[in-house]
Amino acid sequence: MRRVVSLLLGAALLCGHGAFCRRVVSGQKLCFADFKHLCYKMAYFHDLSSRVSFQEARLACESEAGVLLSLENEAEQKLIESMLQNLTKPGTGISDGDFWIGLWRNGDGHTSGACPDLYQWSDGSSSQYRNWYTDEPSCGSEKCVVMYHQPTANPGLGGPYLYQWNDDRCNMKHNYICKYEPEINPTAPVEKPYLTNQPGDTHQNVVVTEAGIIPNLIYVVIPTIPLLLLILVAFGTCCFQMLHKSKGRTKTSPNQSTLWISKSTRKESGMEV
């Protein structure tokens, strides 16, 4: 129950009403430091030729000490949806492109009506949570599962093709989502950019950042910027007023000197008479 609450709060903090929205960047690891450091990564490829098969996506996640996404419950599903919505908000240029998740079926494809029960998580998770689209899974030769992300497609019988699951052939090319174990008690803030080179990916690399404490501190510091600006304006105004007064006092000295010289001249004239 505590984990569910944490996931729901994470979704709210990601882009809550009236709050600062965390920008989800393709290929960047995003962690929730306040909730046991849960971490996820959305790998989205604009170039269709750079997208990967199920096995390639699985190996890419494992090469970074992660796993292809498994989903424990509806709360985690909603969190992922929030991240995808933030990733694909208007103006980013990101459009249709399904995402591999870690659910798959290991068999020869010739199964009975119990086919949906044969799907399992590639990371060994025992979660029974499912979010199939209407009439899915279709089984047959389609053994690996994607999360729909087709915002421009016309809705089908189950509504828009967004965030529900569909089984697909494992050799198809898609984006993918990685999941990482909680980063408990990190020893130091870490930010290590590096590249994940996918098999056959000669057009695009995915930049990955291991996010630690620093990215989360940023979200605390940014809201204080208006206050800091106000303090700077007040300080600048005070300095200007003090400088203006100082200039006023400096200008009186020449006048006083002139008056003194004038009085001296009158006395000298009187002496000559």
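**Aromatic pairs and nonpolar cores of the predicted chain**

Tyr161 is partly exposed, with a relative accessible area of 21%, where buried means under 20% relative accessible area, exposed over 50% and partly exposed in between (1.4 Å probe, protein chains only). The model is predicted, and local features therefore need pLDDT of at least 70 and side-chain atom pairs count only at pLDDT 80 or more, whereas totals for chains, interfaces and linings use all residues. Residues are numbered from 1 along each chain as its sequence is written, and side-chain values use heavy atoms, with hydrogens and water left out.

The protein chain has five helices and ten strands, taken as DSSP runs numbered from the N terminus (helices, H or I, of at least four residues; strands, E, of at least two). Of its 273 residues, 38% count as buried. The accessible surface of the protein chain comes to about 16000 Å², of which 59% belongs to carbon and sulfur atoms, as computed by the Shrake-Rupley method with a 1.4 Å probe, only the protein chains shown counting as cover for residues. Among contacts (heavy atoms within 4.5 Å) in the protein chain with a separation of 6 or more, 69% join residues 24 or more positions apart.

Rings of Phe, Tyr and Trp (its six-membered ring) were paired if their centres lie within 6.5 Å, with planes under 30 degrees apart counted as stacked, over 60 as edge-to-face and the rest as tilted. By this rule, eleven aromatic pairs are found. In one of them, the ring centres of Tyr119 and Trp132 are 5.2 Å apart and the planes stand at 65 degrees, so the pair is edge-to-face. Because Tyr119 lies in strand E5 (residues 119-121) and Trp132 in the loop between E5 and strand E6 (144-149), this pair ties together parts that are 13 residues apart in sequence. Tyr119 counts as buried at 3% relative accessibility, as does Trp132 at 19%. The rings of Tyr133 and Tyr161, with centres 4.7 Å apart and planes at 25 degrees, are therefore stacked. Tyr133 lies in the loop between E5 and E6 and Tyr161 in the loop between E6 and strand E7 (162-168), so parts 28 residues apart in sequence are tied together; Tyr133 is buried, with a relative accessible area of 6%. Ring pairs also link Tyr119, Trp121, Tyr129, Trp132 and Trp165 into a cluster.

Nonpolar cores were defined as sets of buried Ala, Val, Leu, Ile, Met, Phe, Trp, Tyr and Cys residues joined through side-chain atoms within 4.5 Å. The largest nonpolar core holds 28 residues, of which Tyr40, Leu71, Ile80, Leu84, Ile101, Leu103 and Trp165 touch the most other members. Two or more residues of this core are given by each of strand E1 (29-32), strand E2 (38-43), helix H3 (74-87), strand E4 (99-105), E5, E6 and E7, and the largest share, five residues, comes from H3. A second, separate core of 16 residues includes Phe45, Leu68, Trp100 and Cys178. Leaving aside neighbours within four places in sequence, the contacts of Leu71 include Ile80, Ile101, Trp121, Tyr129, Met147 and Trp165.

His149, in strand E6, is buried, with a relative accessible area of 1%. The side chain of His149 reaches the backbone oxygen of Ser95 at 3.3 Å. Not counting residues up to four places away in sequence, His149 touches Thr88, Ser95, Asp96, Gly97, Asp98, Phe99, Tyr161, Leu162 and Tyr163.

Notes:
Polar contact = N/O pair within 3.5 Å; in protein donor to acceptor, adjacent residues only side chain to side chain.
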